[in-house]
Amino acid sequence: MNGKPTCEELEQRIRELEEAAAEHERIEQALKESEERYRLLAENVTDVIWVMDENLKFIYISPSVERLSGFTPEEAMEQGSSVHLTPASLELANKTFEEHFRAFDASPDKALEPLTVELEDVRKGGSTGWSELNTTLLKSPEGEFAGVVGVSRDITKRKRAEEELTRYREHLEELVEKRTGELRRINEELEQEIAERRRVEAALRASEERLELALRGADLGLWDWKVMTGELVVNQRCAE
């Protein structure tokens, strides 16, 4: 029927609109509360939360970046990631993300798995530090690359400790190698000394044998009186 709606129908329609308006208001309030919680989280965590668009330009960096690097979020976004990395880490980052992008092209779902990489960054004033980046590639509803979301954590103290431990280990290895060389040299000298002593002893025995043979042939009586002990030693001929 195309007639005018009845009062009951109008009242029902009004109630539906009121319920829809109330639901819309509830959703908006929940969204505002969610955004407020996210804002509080992003502004108070020590890690740095950041987002890049599909052109790899920063569109958001949490305020905690100033505690980590000394740069304000505005300064960090304006300068870009290449300015904040040492040359070696920039090369590593480019290589790592290129591989990640190729994986995305080959298998978008697999490429959405988080990627972790440790990079050395340049901080305000010229000092350097280390950050651990955990990143995830974003994709649009159509399955296209839509950007990167990441979290950067300061690991400078840990890296410094690891570097110090590595230097200490290398120093110990040098000491062990040096001491091993010294022990090897001492062992070689001892072996040479033992060999020389054996040679001398063998020569002495041979000389004694030759002397004994010579004395036997000369038919001489020999004696040896040890004055300190009174011991008298004689050969067979002397005894006879």
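Is phenylalanine 145 buried, partly exposed or exposed? Phenylalanine 145 is partly exposed, and its relative accessible area is 22%. The cut-off for buried is under 20% and for exposed over 50%, so a value of 22% falls in between. Please keep in mind that this is a predicted model.

I will start with the rings. There are four aromatic pairs in the structure. Take phenylalanine 101 and phenylalanine 145. Their ring centres are 5.3 Å apart and the planes meet at 65°, so this pair is edge-to-face. For the angle, the cut-off is over 60 degrees. The two residues come from distant parts of the chain: phenylalanine 101 sits in helix α4, residues 87-106, while phenylalanine 145 sits in strand β5, residues 145-154. They are 44 residues apart.

Phenylalanine 145 also pairs with phenylalanine 104. Here the distance is 6.0 Å centre to centre, with 75° between the planes, and the pair is again edge-to-face. This pair, too, links helix α4 with strand β5, across 41 residues. Phenylalanine 104 itself is buried, at a relative accessible area of 6%. Taken together, Phe97, Phe101, Phe104 and Phe145 make up one aromatic cluster.

Next, lysine 159. What does its charged end sit over? The charged end of lysine 159 sits over the ring of tryptophan 130, 4.4 Å from the ring centre. Lysine 159 is buried, with a relative accessible area of 14%.

Lysine 159 also forms a salt bridge, with glutamate 118 as the partner. The closest N and O atoms of that bridge are 3.3 Å apart. Glutamate 118 belongs to strand β3 and lysine 159 to helix α6, so the bridge ties together parts that are 41 residues apart in sequence. Whereas lysine 159 is buried, glutamate 118 is partly exposed, at 27%. Through shared partners, salt bridges join Glu118, Arg158, Lys159 and Glu162 into one network.

Staying with tryptophan 130, there is a further neighbour to mention. Threonine 156 is in helix α6, which covers residues 156-218. Leaving aside residues up to four places away in sequence, threonine 156 touches Arg123, Gly129 and Trp130. Threonine 156 is buried, with a relative accessible area of 15%.

Arg123 brings me to the remaining salt bridges. How many salt bridges does the count come to? The count comes to 15. One of them joins arginine 123 to aspartate 121, with the closest N and O atoms 2.7 Å apart. Arginine 123 and aspartate 121 are both buried.

Another salt bridge is between lysine 124 and glutamate 75, where the closest N and O atoms are 3.4 Å apart. Lysine 124 lies in the loop between β3, residues 115-122, and β4, residues 128-139. Glutamate 75 lies in helix α3, residues 73-79, and the two partners are 49 residues apart.

To go back over the main points: phenylalanine 145 in strand β5 pairs with phenylalanine 101 and with phenylalanine 104, both in helix α4. Lysine 159 has its charged end over tryptophan 130 and a salt bridge to glutamate 118. Lysine 124 is bridged to glutamate 75, and arginine 123 to aspartate 121.

Terms used:
Residues numbered from 1 in each chain as written. Predicted model: local features only at pLDDT ≥ 70, side-chain atom pairs only at ≥ 80, totals over all residues. Heavy atoms only, no water. Phe/Tyr/Trp six-rings, centres within 6.5 Å; stacked < 30°, edge-to-face > 60°. Helix = DSSP H or I, 4+ residues; strand = E, 2+ residues; numbered from the N terminus. Buried < 20%, exposed > 50% of the residue type's maximum accessible area, 1.4 Å probe, protein only. Lys NZ or Arg CZ within 6 Å of the ring centre and 35° of its normal. Contact = heavy atoms within 4.5 Å. Salt bridge = Lys/Arg side-chain N within 4 Å of Asp/Glu carboxyl O.
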